[in-house]
Amino acid sequence: MTKLKNIIRPDLLTMKPYSSARNEFTGRARIFLDANENPYGSSFRGVTGMNRYPDPMQYELKERITRITGIQSDRIIIGNGSDEILDLLVRATTMPGRSNVITVPPTYGMYRVVAETNNVAVKEVLPGDDFMFSADEIMKAVDKDTRIIFICSPNNPTGILAPSEEVNRIVEQLDGLVVIDEAYIDFSGTEGFLQLIKDYENIFILRTFSKARAMAGARLGMGYGHPELLRVLNSIKMPYNVNSLTLAAGLNALDREEIYRSQVQRIISNREKLTGELGKIDGIRKVFPSSANFILVRVDKPVELYNYLLAEGIVVRDRSGMPLCEGCLRITVGTENQNRILVEEINNFFAGKPAGEQTDNQVVKRRRTRETDILVDINLRGRGIADIQTGSGFLDHMLELFAFHSKTDLLVRASGDIDVDMHHTVEDIAITMGQALNEMLGDRKGVNRYGFVMPMDESRAMVTIDIGGRNMLVWNVKFHDNTVGRVPASLFKHFFRSLADNAGFTLNIEAEGEDDHHIIEAVFKGFARSLKQAAEITDDRIQSTKY
Ligand SMILES: *Cc1c(COP(=O)(O)O)cnc(C)c1O
């Protein structure tokens, strides 16, 4: 504990923490009359036990993390995002008005914010032109009041991994804490510095559920370090800093590690592909190789490009004002489709094409019932950008097909317990999409009105549509099994009926084939194409006297 004695604020070593009701009792109990909670369950469905305070030490989650990382729970702190832990670190180690911390710019802005909030000075040590830093340069800036050196690896916004020899030398030489922020380590293909906490007491690792684990909305971060430091951090944090919903979400996500792993692989391969494609664009002067899920590029006209992309509905991050980042934009790696559109638009910019008139054809609909909560954001005259999360992978895939083949920009969010109640979810998505389409088509003036297609792969589907406003479904689709992709086959008919009813479509759908999966794909594809045709604006003014 030699180093930690000098690192931790001395008065905190002996401070008595708040003792919550849930901390004080030990043993087993059935009747909890200690925390003034409502003894009846909450009306909120989804997480049970919401009437009780959450576990202040997040014991169950830590145990799961131990199983994954091999790090014992007395070395772990769970925070309301890793940002909370950053703040705790500064408060646990610094004296306001006296101490300082060191950062290596360009880097994450929160290090400065948490330091300055605590009236702690920030010293910046600029790295070389290649963003590489040396231990010697950093150690030169250290004085007797330096408490923390923040190192971000892979670094935001450069995407570069910290050189491990230099980090090791800093850890060995510094009489202070080295905080290594590994928010993006999952994308790096390396183990990071986590296991070093067993060898050095002055190293602290930060990780998060916000990036690779796709849970930025839950606010869940982890910190790892020496047990004595962890004891102090845990004693100064708010007692119930992580809420029951977030804890349940974290545990639930860890039950599905395979999704996380496959998404990380997909993002890495998208990153490599995007890096290559950006490198081929003439106006891009440099693409920095990245170990994270974003790419830093240096371009000739960063502000103009930024504004052009924005006019096309694409937001990236302008980092050109940061040290050593002249002309730089930071681009998050998106889905295959999003990246394709991004590259297209950057090419258009450098080819001198004017920014397209943003067709403001978007309709947003929200439908909240006791069973489900559905959000649909749709633009029938878009580019096929799909962002679908229904809770059913198969339905997501079908709606993506629809978006792609009808060039519809479609965002769908559905929450509700899809495992228990797929019927309600599917119906409510169809209703919401139908209402949105109806509103988007408005008075139907000047559109084709009719559509007809017959896509033929292994399966054949025939879809005719009249979007004129009357609703009817004729469904002649024969499946071989009762379920397709774990969705009850009958729900697809139900989906199109609810959609037709709410959109004002007359739909006639026939399909047959060998394979149920291909049959339903052909149906969604056919529906997409025929709707596209029907919604097309023609020069003929009005299609029917009724409209
Ligand atoms: C996004 C990010 C985080 C995550 O912070 P949370 O509070 O856990 O969401 C931490 N560090 C860096 C460098 C980041 O870019």
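## Basis of the model

The model is predicted, and local features are reported at pLDDT of at least 70, side-chain atom pairs at pLDDT 80 or more, and totals for chains, interfaces and linings over all residues. Residues are numbered from 1 along each chain as its sequence is written, and side-chain values use heavy atoms, with hydrogens and water left out.

## Overall architecture

The chain contains 17 helices and 21 strands; these are DSSP runs numbered from the N terminus, helices being H or I of at least four residues and strands E of at least two. Along the principal axes, the C-alpha atoms occupy a box of roughly 85 × 65 × 40 Å. Of the 547 residues, 51% are buried, where buried means under 20% relative accessible area, exposed means over 50%, and partly exposed lies in between (1.4 Å probe, protein chains only). A contact is defined by heavy atoms within 4.5 Å. Among contacts between residues at least 6 apart in sequence, 73% join residues at least 24 apart.

The accessible surface of the chain is about 26100 Å², with 49% supplied by carbon and sulfur atoms; the areas come from the Shrake-Rupley method with a 1.4 Å probe, and for residues only the protein chains shown count as cover. The chain carries 66 positive and 74 negative charges, whose mean positions are 3 Å apart. Lys and Arg count as positive and Asp and Glu as negative, while His and the chain ends are not counted. Each charge is placed at NZ of Lys, CZ of Arg, CG of Asp or CD of Glu.

## Nonpolar cores

In soluble globular proteins, nonpolar side chains tend to be buried together. A nonpolar core is here a set of buried Ala, Val, Leu, Ile, Met, Phe, Trp, Tyr and Cys residues joined through side-chain atoms within 4.5 Å. The largest such core has 60 residues, and those with the most contacts inside it are Leu399, Leu410, Phe496, Phe505 and Leu507. Helix α17 (residues 516-535) provides the largest share of this core, 10 residues. A second, separate core of 38 residues includes Phe133, Leu194, Ile197 and Leu254.

Leucine 410 illustrates the surroundings of a residue in the largest core. Beyond its neighbours within four places in sequence, leucine 410 contacts residues including Val376, Ile378, Ile385, Ile388, Leu399, Phe402 and Met433. Asp377 and Asp387 are also among the contacts of leucine 410.

## Aromatic pairs and cluster

The whole structure holds 16 aromatic pairs. Rings of Phe, Tyr and Trp (its six-membered ring) pair if their centres lie within 6.5 Å; planes under 30 degrees apart count as stacked, over 60 as edge-to-face and the rest as tilted. Phenylalanine 349 and phenylalanine 350 form an edge-to-face pair, at 4.9 Å centre to centre and 75° between the planes. Phenylalanine 349 counts as buried because its relative accessibility is 14%, whereas phenylalanine 350, at 27%, counts as partly exposed.

The rings of phenylalanine 495 and phenylalanine 496 have centres 5.2 Å apart and planes at 85°, and the pair is therefore edge-to-face. Both of these residues, phenylalanine 495 and phenylalanine 496, are buried. They also belong to one aromatic cluster with Phe394, Phe402, Trp475, Phe479, Phe492, Phe524 and Phe527.

## Backbone features

Most residues other than glycine have a negative phi, and most peptide bonds are trans. A cis peptide bond joins proline 105 and proline 106, with omega about -5°; proline 106 lies in the loop between β2 (100-103) and α6 (110-117). The bond from serine 153 to proline 154 is also cis, with omega near -5°, and proline 154 is in the loop between β4 (146-152) and α8 (164-173).

Glutamine 58 has a positive phi near 50°. It is located in the loop between α3 and α4 (59-69) and is buried, with a relative accessible area of 1%. Arginine 444 has a positive phi of about 65° and lies in the loop between α15 (422-441) and β16 (450-453). Arginine 444 counts as buried because its relative accessible area is 7%.

## Two loop residues

Valine 125 lies in the loop between β3 (121-124) and α7 (135-141) and is buried at 9% relative accessibility. Its contacts outside four places in sequence include Pro105, one partner in a cis peptide bond. Lysine 16, in the loop between α2 (10-13) and α3 (21-24), is exposed at 71% relative accessibility.
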